[in-house]
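Here are a few exercises to work through with the structure open beside you. Try each task yourself before reading the solution.

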Amino acid sequence: MAVTSQPQAEPQKADLREPPSWRRTKNQIMTVLMVVAFALTMIPLGFVLVTVIAKGASVISWSFLTSSIPPNVLPANVGGMGPAIAGTLVITALATVIAVPLGILGAIYINEYGGKGILARVIGFMSDVMTGVPSIIMGLFIFTLWTLHFQYSGLGGAFALACLMLPIVIRSSEEMLKLVPDSLRQGAYALGATKARVTMTVVLPAALGGIVSGALLAVARAAGETAPLLFTIGIVTSVNWNVFSGANTSLPSQIFLNASQPYTGAQARGWGAALTLIVIAFIFMISARLVTARYARYSS
Amino acid sequence: MEQSEQDVVAKAEQNAAKEPLIRQPAAPVGTGNVIFDVRDMAVWYGSFKAVTDVTLPIYENEITAFIGSSGSGKSTVLRAFNRMNDLVPGARVDGEMYYRGANLYGSGVSPIAVRRRIGMVFQKPNPFPKSIYDNVAYGPRINGERNKKKLDEIVEQSLRAAALWDEVKNRLKMSGLSLSGGQAQRLCIARTIAVEPDVVLMDEPASALDPISTGAIEDLMKDLKSKYTIVIVTHNMQQATRVSDRTAFFYVLTDAKSDTRTGVLVEYGSTKQIFEDPRDSRTQAYVTGRMG
């Protein structure tokens with residue numbers, strides 16, 4: 001069609017501009033909509049961050065991070081959140097130790113061993129159901145099963161958090177294992193490897209980056225949970241490093257308690273705890289990114 | 001052009017009905033030992049019969065090529081040799097396959113032990129996401145080799161045998177995924193021969209590679225022939241004539257009634273005979289490029 005039908009004295013330059021059309025307008029509208037949607041989602045996030053930093057940054061100091069929790073009536077410059085930070089760290093760590101290996105093994109079963117079998121499908125379905133269980137129900141579950149018999153302890157809290165983390169770890173690990181190409185498994189089988197060895201030495205390392213970052217996201221999520229801890233760990237005002245016995249406390253529990261106090265000192269310490277918690281979650285997220293990037297060169 | 005091609009195919013189909021399904025036994029060439037003895041073998045995937053009536057001996061220290069159009073069951077037969085079909089749910093092998101006198105599908109035969117003796121190189125290079133060194137050392141390690149010095153030696157020898165050593169000797173720690181397609185395929189060959197197998201099966205090893213890499217792989221196969229027995233599936237007939245001693249031609253039989261397609265072995269003989277003096281009209285149509 002476009003072949004020149006008449007010889008021209010001067011060849012005309014091709015017009016490569018997009019002609020105005022509905023298609024072009026639609027494209028522009030969509031671009032604007034997406035920018036607006038992005039801005040809207042950033043507004044609440046921005047407000048949260050600005051508020052927490054504005055109200056919490058002033059109380060943060062080394063002594064705030066390490067001191068015991070003072071009586072609520074005392075002003076903001078007294079005491080700190082040491083026990084809550086210690087509690088959050090040890091309880092989350094213990095929950096991670098319980099949930100991550102279990103979740104990864106579950107995912108390996110579903111993806112590598114279960115196939116289309118009934119058990120694998122049941123586990124997959126159950127973990128989806130578990131994802132939807134409200135965290136306070138998990139707290140009550142552990143409360144009736146554990147806390148009623150063994151008193152408040154960090155361990156009970158760790159169990160409750162582990163229940164919350166488990167389905168997230170199972171599903172995210174499963175997705176990562178699915179991404180490992182079958183050609184790698186076949187390559188290993190062709191060398192005479194057993195199934196267990198193929199899984200441990202080829203499949204798992206190939207998926208490790210994604211699995212670790214999924215697990216860290218679950219950890220960050222669990223570190224911020226309040227409800228499951230309310231019934232299971234109790235509350236203390238001095239550091240309890242023993243996660244297996246005695247009541248404990250955590251940053252989310254303290255934020256909840258302090259926020260409902262009428263005293264400005266306690267409220268300020270609550271904001272400080274909120275900022276500390278955000279920073280801890282942020283550190284987990286960054287680690288997740290770094291780990292993913294570290295392994296990205298293998299998974300391309 | 002189109003018309004004549006169809007004629008040839010139609011004629012071949014017609015002749016297929018008159019001619020015996022398989023021309024056996026194949027004219028013997030050379031006096032090598034039979035390493036695989038396959039008799040009346042068929043492979044099923046569930047209720048689908050993928051390939052049937054395969055009877056052929058494979059000879060030691062030779063390169064045997066499987067040619068034929070897509071769906072004719074070449075790869076399926078190849079994968080039956082080291083029981084890779086076991087990994088496909090519902091796959092079943094009928095008939096008999098003997099490897100050095102032992103029934104490959106006999107009771108008590110471990111597919112793991114089979115695959116340690118009969119290695120495989122795949123169509124798409126599949127280096128593990130590990131370092132070049134660890135890729136080659138993977139096989140020896142699963143066989144229990146822990147001695148660092150011994151592993152170093154095996155890695156160097158295998159990479160030299162795969163004609164890759166000079167290109168990678170200074171970057172053994174780098175990921176196997178950083179290699180180009182041709183290099184990655186040679187790495188996979190090095191990985192396969194590092195366990196010192198008896199047989200190397202190759203499933204279209206050069207189909208994803210450029211002509212220069214293909215040439216390198218072909219030269220490599222000729223070198224490896226003195227130590228290993230090689231069976232190669234290829235779509236490239238020039239490749240079959242260049243490297244192989246014997247050629248087996250597979251063909252798809254279409255059953256119009258049940259709408260199923262089943263592969264059969266049509267002709268097996270020395271590569272020279274298959275390409276210069278094929279006895280079956282379908283083989284002739286295929287090797288002369290008029291069909292398939």
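A residue is called buried if 20 or more other C-beta atoms lie within 10 Å of its own. Keep that cut-off handy, and keep in mind that this is a predicted model.

**Exercise 1. Work out how many residues of strand 3 (residues 63–68) of chain B are buried, and on which sides they lie.**

Step 1: Apply the cut-off along the strand.

Step 2: Sort the residues by side. In a regular strand, side chains alternate between the two faces of the sheet. On one side you'll find B:Ile63, B:Ala65 and B:Ile67, and on the other B:Thr64, B:Phe66 and B:Gly68; both faces are covered.

**Exercise 2. Find which strands pair with strand 3 of chain B, and in what sense.**

Step 1: Start with strand 8 (residues 229–233) of chain B. Its pairing with strand 3 of chain B is parallel and runs over four bridges. Here B:Ile63 has B:Ile230 as its bridge partner.

Step 2: Now try strand 9 (residues 246–255) of chain B. This pairing with strand 3 of chain B is parallel too, with five bridges, and B:Thr64 stands opposite B:Arg246.

Step 3: Follow B:Ile230 onward. Strand 8 of chain B also pairs with strand 7 (residues 199–203) of chain B, in the parallel sense over five bridges, and B:Val200 stands opposite B:Ile230 there.

Step 4: Zoom out. Chain B has an open sheet of ten strands with mixed pairing, in the order 5-4-1-2-10-9-3-8-7-6. Strand 5 (102–103) and strand 6 (118–121) of chain B stand at the edges with a single partner strand each, so one side of each has no neighbour in the sheet.

**Exercise 3. Decide what the buried residues of helix 4 (residues 132–142) of chain B pack against.**

Step 1: Count them. Eight of the eleven residues of helix 4 of chain B are buried, so the helix is largely enclosed by the rest of the structure. Among them are B:Ile132, B:Val136 and B:Tyr138.

Step 2: Look for the neighbours. They are helix 5 (148–161), helix 6 (165–168) and helix 7 (181–193) of chain B.

Step 3: Check what follows. Just after helix 4 of chain B, B:Gly144 has a positive phi of about 100°.

**Exercise 4. Describe the side of chain A that touches chain B.**

Step 1: Count the contacts: 18 residues of chain A meet 20 residues of chain B.

Step 2: Find the biggest contributor. Helix 7 of chain A gives the largest share of that side of chain A, six residues.

Step 3: Sort by class. That side of chain A holds nine nonpolar, seven polar and two charged residues.

Key
Residues are numbered from 1 along each chain as its sequence is written. Chains are lettered from A and ligands numbered from 1 in the order in which they are written. This is a predicted model: local features need pLDDT of at least 70, side-chain atom pairs count only at pLDDT 80 or more; totals for chains, interfaces and linings use all residues. Two residues are in contact if their C-beta atoms, placed from the backbone, lie within 7 Å. Helices (H or I, at least four residues) and strands (E, at least two) are DSSP runs, numbered from the N terminus. Ala, Val, Leu, Ile, Met, Phe, Trp, Tyr, Cys and Pro count as nonpolar, Asp, Glu, Lys and Arg as charged, and the others, Gly among them, as polar. A residue is buried if 20 or more other C-beta atoms lie within 10 Å of its own, exposed if 12 or fewer, and partly exposed in between; C-beta atoms are placed from the backbone. Two strands pair if DSSP finds at least two bridges between them.
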